Amino acid sequence: MNDITDIISSAPKVLEETYSDLVSDTLKEASKIGVDAAKTIRLALFPLQFAAAFQDRLARYIELSISQVPEDRRIAPMESLVLSVAERLKYQEEDNPISILYINLLSRGLDKERLGEAHPAFINIISQLAPDEALLINELGEKGYRLYFLSNTNKSKIIANNGLSLLPSFNVLAENKKSLLLSKRINHDLLGNPCLFLTFIEHLVSLGIVAYNNEIVNDGELREIGRPFSSFTYYCIELSAFGKLFYTACVKE
């Protein structure tokens, strides 16, 4: 019995009975995928047998991950993925956007058609993200490149959603140019801590998730608008190729 799965399988009946109904239902659902899947899910839940609150919450997360995969595409997940994700999920609040990222990643590991999206680096990347950063990734994934605006007199000052209309150098632009800039600005209102916006962007760039794109400014859609302006400068950000994979695997519903 060197394999820990064998140890768990031979656990005394009293331990078996400590599983809640929710955990039992989750194990039954996992058993539909196969014996290996059920053993792996049991392995993820085993350390929590006497922590009912953590156990039930993790079971809900796992059940949600399974339910997101069509039955004919479900496969037994790799232990390394399930155990790593479960270790992080058991402490995650249910209303935290980061929890959804872990759940989605686990779903990819259960899906034979999307298994390739479950890059092993994503587990550690999720663990480093703030909830607001997850929201920014979703914004860029859904809408493509976005712009943010900085004051030329204070490069650390973000010009928020309604601030552009107060700037003389913005108001002298033609209406079509103003409309384009406004349509592409990132939505700061979705953030819980908008004052940390630049910190979030710098962190996402350092993780390889977000990249600056000057091509759109110089040769693309924004080339006729030009820059700089006397009172503000705009910057174009988008998901990198790696960031798009992360968005598809962990964020996109």
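In this predicted model, helix H9 lies across strands S1, S2 and S3, and the direction of H9 runs at about 80° to that of S3. A further helix, H11 (residues 175–184), packs on the sheet and touches S1 and S3, its direction making about 105° with that of S1. The sheet itself is open and consists of three strands in the order S1-S3-S2, with antiparallel pairing. Its edge strands are S1 and S2 (210–212), each of which pairs on one side only, and the twist from one strand to the next averages 35°. Strands of a sheet pair through backbone hydrogen bonds, in either a parallel or an antiparallel manner. Between S1 and S3 the antiparallel pairing extends over six bridges, and serine 151 stands opposite phenylalanine 232 of S3.

The aromatic residues were examined next. A search of the whole structure finds ten aromatic pairs, one of which, formed by phenylalanine 149 and tyrosine 234, is tilted, with 6.3 Å from centre to centre and 50° between the planes. Because phenylalanine 149 lies in strand S1 (residues 146–151) and tyrosine 234 in strand S3 (residues 232–239), this pair ties together parts that are 85 residues apart in sequence. Both partners lie under the 20% limit for burial: phenylalanine 149 counts as buried at 2% relative accessibility, and tyrosine 234 counts as buried at 0%. Phe149 and Tyr234 also belong to one aromatic cluster, together with Phe170, Phe229 and Phe232.

Phenylalanine 232, a member of this cluster, is also in contact with leucine 167, a residue of the loop between S1 and helix H10 (168–171). The C-alpha atoms of leucine 167 and phenylalanine 232 are separated by 8.2 Å, although the two residues are 65 residues apart along the chain. When neighbours within four places in sequence are left aside, the contacts of leucine 167 are with Ile159, Ser231 and Phe232. With a relative accessibility of 17%, leucine 167 counts as buried, since burial is defined as a value under 20%.

Two packed helices are described by the angle between their axes and by the distance between the axes. For H9 (residues 131–143) and H14 (residues 241–251), the angle is about 105° and the axes are 10 Å apart; H9 and H14 are therefore roughly perpendicular to each other. In this contact, Ile137, Asn138, Gly141 and Glu142 of H9 meet Phe246, Tyr247 and Val251 of H14, and by class the contact comprises four nonpolar, two polar and one charged residues.

On the H14 side, the residues Gly243, Phe246, Tyr247, Ala249, Cys250 and Val251 are buried. Helix H7 (residues 97–109) contains serine 99, which is buried, with a relative accessible area of 1%. Apart from neighbours within four places in sequence, serine 99 is in contact with Tyr61, Leu89, Gln92 and Glu93.

Terms used. Residues are numbered from 1 along each chain as its sequence is written. This is a predicted model: local features need pLDDT of at least 70, side-chain atom pairs count only at pLDDT 80 or more; totals for chains, interfaces and linings use all residues. Side-chain values use heavy atoms; hydrogens and water are left out. Rings of Phe, Tyr and Trp (its six-membered ring) pair if their centres lie within 6.5 Å; planes under 30 degrees apart count as stacked, over 60 as edge-to-face and the rest as tilted. Helices (H or I, at least four residues) and strands (E, at least two) are DSSP runs, numbered from the N terminus. Buried means under 20% relative accessible area, exposed over 50%, partly exposed in between (1.4 Å probe, protein chains only). Contact means heavy atoms within 4.5 Å. Axes are lines fitted to C-alpha atoms, for helices over the stretch in contact, and angles run from 0 to 180 degrees between N-to-C directions. Angles under 35 degrees count as roughly parallel, over 145 as roughly antiparallel, 65 to 115 as roughly perpendicular and the rest as oblique. Ala, Val, Leu, Ile, Met, Phe, Trp, Tyr, Cys and Pro count as nonpolar, Asp, Glu, Lys and Arg as charged, and the others, Gly among them, as polar. Two strands pair if DSSP finds at least two bridges between them.
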